[in-house]
Amino acid sequence: MRPTATVLGGFRHPVHDSQRVFRGVLDAMAHPGRIVGLDAVVATAAPLYRGTMALLLALTDLETPLWLSPSADNDAVLGAIRFHCGSPIVADPSRAAFAVAANAAERPRLDALDLGSDLYPERAATLILQVDGLGVGREIVLAGPGIDGTARLAVDGLDEAFWIERKALEILFPRGLDVILVDGEAVATVPRSTAVEA
């Protein structure tokens with residue numbers, strides 16, 4: 001374990017702020033492709049966006065193994081996570097309940113994460129992936145539960161390889177991977193139940 005020197009402030013109002021972020025994520029998960037603002041008033045450490053830090057504060061705890069991509073695995077981020085969440089940091093992404101990638105270039109292969117089992121598909125990991133923009137960039141078409149017909153989501157900062165890997169996981173459903181895309185304080189989700197056409 002490395003020593004940590006910096007501890008950032010958490011939510012200003014931990015209960016209410018955490019509930020607001022949780023409701024925002026639920027809204028995004030219930031409506032894949034919808035861009036939802038988390039309205040997160042929270043300090044963060046580079047390279048994590050405020051939305052990413054808010055998600056970690058709201059969704060992780062002592063029993064939530066967390067994997068961090070290389071640039072996010074720094075003293076400031078670790079100090080905040082250990083102080084506010086207590087989440088154990090794992091080096092192997094397959095052991096993480098949540099994986100945080102500061103950008104697409106640092107993300108693990110999607111099939112390297114825990115995709116759940118046939119008996120316990122709900123134990124699959126969630127990938128929190130920071131992107132360059134939501135509502136701009138390459139447009140993908142989504143279909144599945146929570147979507148009336150199809151939905152379109154524009155994402156900047158994800159390459160073709162990501163969408164190919166994500167498409168390949170669809171055959172595994174109900175196993176798979178939930179993805180939360182983060183741009184600043186806004187999120188959009190691509191749950192494992194969603195079919196993607198890039």
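Trainee: Is S69 buried or exposed?
Mentor: S69 counts as buried, because its relative accessibility is 0%. Please keep in mind that this is a predicted model.

Trainee: Where does S69 lie?
Mentor: S69 is in the loop between strand 2 and helix 3.

Trainee: And what does S69 touch?
Mentor: Leaving out residues up to four places away in sequence, S69 touches V100, A101, A102 and E106.

Trainee: Let us follow the chain into helix 3. Which residues of helix 3 are buried?
Mentor: Helix 3 covers residues 75–84, and its buried residues are V77, L78, G79, A80 and I81. Helix 2 and strand 2 are among the elements that cover them.

Trainee: What caps the N-terminal end of helix 3?
Mentor: N74 does, with a side-chain oxygen 3.1 Å from the backbone nitrogen of A76. After the helix comes G86, whose phi is positive, near 75 degrees.

Trainee: Turning to helix 1 and helix 2, at what angle do their axes cross?
Mentor: The axes of helix 1 (residues 14–30) and helix 2 (residues 50–59) cross at roughly 105 degrees and come within 9 Å. The two helices are therefore roughly perpendicular to each other.

Trainee: Which residues meet there?
Mentor: From helix 1, S18, V21, F22 and V25 meet A54, L55, A58 and L59 of helix 2.

Trainee: In what sense do strand 4 and strand 7 pair, parallel or antiparallel?
Mentor: Strand 4 (residues 126–130) and strand 7 (residues 178–183) pair in the parallel sense, over 5 bridges. In that pairing, L129 has L181 of strand 7 as its bridge partner.

Trainee: How many bridges join strand 7 to strand 8?
Mentor: Strand 7 and strand 8 are joined by 5 bridges, in the antiparallel sense. The bridge partner of V179 in strand 8 is V190. The hairpin of these strands has 2 residues between them, and G184 in the hairpin takes a positive phi near 65 degrees.

Trainee: And on the side of strand 1, how many bridges are there to strand 8?
Mentor: Strand 1 and strand 8 run antiparallel and are joined by 2 bridges. V36 stands opposite V187 in strand 8.

Trainee: Why is strand 8 described as largely enclosed by the rest of the structure?
Mentor: Because 5 of the 5 residues of strand 8 (residues 186–190) are buried. In a regular strand the side chains alternate between the two faces of the sheet. In strand 8 both faces are covered: A186, A188 and V190 are buried on one side, and V187 and T189 on the other.

Trainee: What does G33 touch?
Mentor: Setting aside residues up to four places away in sequence, G33 touches L142, L153, A188 and T189. G33 is found in the loop between helix 1 and strand 1, and G33 is buried, with a relative accessible area of 11%. Its C-alpha atom is separated by 9.5 Å from that of T194, 161 residues apart along the chain.

Trainee: A change of topic: is E165 buried or exposed?
Mentor: E165, in helix 4 (residues 160–168), counts as buried at 12% relative accessibility, because buried means under 20% relative accessible area.

Trainee: Which residues is E165 in contact with?
Mentor: Neighbours within four places in sequence aside, E165 is in contact with R107, R109 and L110. A polar atom of the E165 side chain lies 2.9 Å from the backbone nitrogen of L110.

Trainee: Last one: where does V155 lie, and what is V155 in contact with?
Mentor: V155 lies in strand 6 (residues 151–156) and is buried, with a relative accessible area of 3%. Apart from neighbours within four places in sequence, its contacts are V131, G133, L134, V136, G137, R138, W163 and L181.

Technical notes
Residues are numbered from 1 along each chain as its sequence is written. This is a predicted model: local features need pLDDT of at least 70, side-chain atom pairs count only at pLDDT 80 or more; totals for chains, interfaces and linings use all residues. Side-chain values use heavy atoms; hydrogens and water are left out. Two strands pair if DSSP finds at least two bridges between them. Helices (H or I, at least four residues) and strands (E, at least two) are DSSP runs, numbered from the N terminus. Axes are lines fitted to C-alpha atoms, for helices over the stretch in contact, and angles run from 0 to 180 degrees between N-to-C directions. Angles under 35 degrees count as roughly parallel, over 145 as roughly antiparallel, 65 to 115 as roughly perpendicular and the rest as oblique. Contact means heavy atoms within 4.5 Å. Buried means under 20% relative accessible area, exposed over 50%, partly exposed in between (1.4 Å probe, protein chains only). A polar contact is a pair of N or O atoms within 3.5 Å; within protein, one must be able to donate a hydrogen and the other to accept it, and residues adjacent in sequence count only if both atoms are side-chain atoms.
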